[in-house]
Amino acid sequence: MRWWDIGPVLELEHELFPEDAWSAGMFWSELAHARGPHASRRYVVAEIPPGSGSAGAEGATGRIVGYAGLAAAGDLGDVQTIAAARDQWGTGLGARLLDDLLRAATAFECAEVLLEVRVDNTRAQKLYERFGFEPIGFRRGYYQPGNVDALVMCLSDPAHSVLADGPVQGETHG
């Protein structure tokens, strides 16, 4: 993800998470830590090529249909966000985004990766479980303003995370 992706990412963010969408400033802040010798973030976008026939506005480079981000601190990684456009659910996009983040966690030498996911987002929870994440607790009222609880999940040794066989059912971020 680069600064010029923030506009299209925000459109998707507001479509998928209207009550608790990230702001432009939050993405700018994360991207400020994603480059250079002391980078501690990995942010990626997925886009479909122009003229692919998919619904939605396309720029010169195509339509952004997903994005994901990871923060690393010491030997701990934290999945900050994963999102896939609704018309991409069931295509495996969420799994590919998560796989990219886990590869980044390995490059950052993270021993564990944490994430929070809405307790009502079973689609995402199933994805994370397939990668080996296990529930370790809750954060009450984490998602605001809806006051929705978050399930905290942990993956030990992301370098050895293996996606289980079988088709991906689609997913969104927690």
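Four helices and six strands make up this protein, where helices (H or I, at least four residues) and strands (E, at least two) are DSSP runs numbered from the N terminus. Colour by secondary structure and follow the chain: the pattern reads α-α-β-β-β-α-β-α-β-β. You are looking at a predicted model, in which local features need pLDDT of at least 70, side-chain atom pairs count only at pLDDT 80 or more, and totals for chains, interfaces and linings use all residues. Residues are numbered from 1 along each chain as its sequence is written, and side-chain values use heavy atoms, with hydrogens and water left out.

**Stop 1: the whole chain**

Of the 174 residues, 47% are buried. Buried means under 20% relative accessible area, exposed means over 50%, and partly exposed lies in between (1.4 Å probe, protein chains only). Now think about contacts, meaning heavy atoms within 4.5 Å. Among contacts with a separation of 6 or more, 62% are between residues 24 or more positions apart.

**Stop 2**

Select residues 6-16 for helix 1 and residues 24-31 for helix 2. Two packed helices are described by the angle between their axes and the distance between the axes. Here the angle is about 130 degrees and the axes are 10 Å apart. The axes are lines fitted to C-alpha atoms, for helices over the stretch in contact, and angles run from 0 to 180 degrees between N-to-C directions. Helix 1 and helix 2 are therefore oblique to each other; angles under 35 degrees count as roughly parallel, over 145 as roughly antiparallel, 65 to 115 as roughly perpendicular, and the rest as oblique.

Which residues meet? Show Ile6, Val9, Leu10 and Glu13 in helix 1, which meet Ala24, Phe27, Trp28 and Leu31 in helix 2.

**Stop 3: the core**

Next, select Phe27, Tyr67, Val79, Ile82, Leu98, Tyr128 and Phe133, the residues that touch the most other members of the 45-residue largest nonpolar core. Helix 3 (residues 93-107) gives this core its largest share, eight residues. A nonpolar core is a set of buried Ala, Val, Leu, Ile, Met, Phe, Trp, Tyr and Cys residues joined through side-chain atoms within 4.5 Å.

Zoom in on Leu98. Leaving aside neighbours within four places in sequence, Leu98 contacts Val79, Ile82, Leu127, Tyr128, Phe131 and Phe133.

**Stop 4**

Is glutamine 125 buried or exposed? Click on glutamine 125 in helix 4 (residues 122-130): with a relative accessible area of 13%, this residue is buried. Beyond four places in sequence, its contacts are Val117, Arg118, Val119, Asp120, Leu151 and Met153.

Move on to arginine 118, in strand 4 (residues 112-118). Arginine 118 is buried too, with a relative accessible area of 18%.

**Stop 5: the loop between helix 3 and strand 4**

Phenylalanine 108 is in this loop and counts as partly exposed, at 24% relative accessibility.

Glutamate 109 is not a glycine, yet has a positive phi of about 65 degrees; at 66% relative accessibility, glutamate 109 counts as exposed.

**Stop 6: the loop between strand 5 and strand 6**

Finish with proline 145, in the loop between strand 5 (134-143) and strand 6 (148-156). What kind of peptide bond joins glutamine 144 and proline 145? The bond is cis, with omega about 10 degrees.

Asparagine 147 is found in this loop too. Its phi is positive, near 55 degrees, and asparagine 147 is exposed, with a relative accessible area of 51%.
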